[in-house]
Amino acid sequence: MTWNDFALASGLRGTKVSASYGTPNLKVRGKLLTRLRLEDDKLVLAGVPADERDMLLEAAPHIFHVTRHYDGYPIVLARIATLDGVSLHSFLVRRWREIAPKRFVAKFDPALRSDLTRI
């Protein structure tokens, strides 16, 4: 898997290719969806709770890790060459749902759309 594989194919509404710290990233309304670390070809996956991150680090250390810089943050790093597309898509969709406008999420998720009409 490469950056272009998912940057172009993410297809999540409102997602824009941008740059942070001189590296490519995907953002929604200025909020980080993911970022590519060029120095080690890894993705910064945001929105990963500490308990899940710990489980990922233990279950798949060949894919996931964290550096001291990210200690205490809901972030895990993933080696892009070993991360499969299905897992990556799941991480991105979950984070996108956290930061995207509710109207985008409602159009993406029909079950949520019906819940929002009751409000």
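1. Helices here are DSSP runs of H or I with at least four residues, strands are E runs of at least two, and both are numbered from the N terminus. By that count the protein chain has five helices and six strands. From the N terminus on, the elements run α-β-β-β-β-α-β-β-α-α-α.

2. A word on the model before you explore: it is predicted, so local features need pLDDT of at least 70 and side-chain atom pairs count only at pLDDT 80 or more, while totals for chains, interfaces and linings use all residues. Residues are numbered from 1 along each chain as its sequence is written, and side-chain values use heavy atoms, with hydrogens and water left out.

3. Let's begin with the sheet. Strands of a sheet pair through backbone hydrogen bonds, either parallel or antiparallel.

4. E1 and E2 are antiparallel over six bridges, and Val17 has Leu26 in E2 as its bridge partner. Their hairpin has two residues between the strands, and Tyr21 takes a positive phi near 55 degrees there. E2 and E3 pair in the antiparallel sense over four bridges, with Lys27 partnered by Leu32 in E3. That hairpin also has two residues between its strands, with Arg29 at a positive phi near 50 degrees.

5. Which strand is joined to E3 (residues 31-37) by four bridges? That is E4 (residues 42-46), which runs antiparallel to E3; here Arg35 has Val44 in E4 as its bridge partner.

6. Next, the interior. Buried residues (under 20% relative accessible area with a 1.4 Å probe, protein chains only) make up 40% of the 119 residues in the protein chain. A nonpolar core is a set of buried Ala, Val, Leu, Ile, Met, Phe, Trp, Tyr and Cys residues joined through side-chain atoms within 4.5 Å. The largest one has 25 residues, of which Leu33, Leu43, Leu45, Phe64, Leu83 and Trp96 touch the most other members. H3 gives the most to this core, with six residues. A second, separate core of five residues includes Val44, Ala46, Tyr70 and Ile75.

7. Is His65 buried or exposed? His65 is buried, because its relative accessible area is 16%. His65 lies in strand E5 (residues 64-65). Leaving out residues up to four places away in sequence, His65 touches Lys42, Leu57, Val76, Leu77 and Arg79, where contact means heavy atoms within 4.5 Å. The side chains of His65 and Lys42 are joined by a polar contact of 3.2 Å. A polar contact is a pair of N or O atoms within 3.5 Å; within protein, one must be able to donate a hydrogen and the other to accept it, and residues adjacent in sequence count only if both atoms are side-chain atoms.

Conventions. Buried means under 20% relative accessible area, exposed over 50%, partly exposed in between (1.4 Å probe, protein chains only). Two strands pair if DSSP finds at least two bridges between them.
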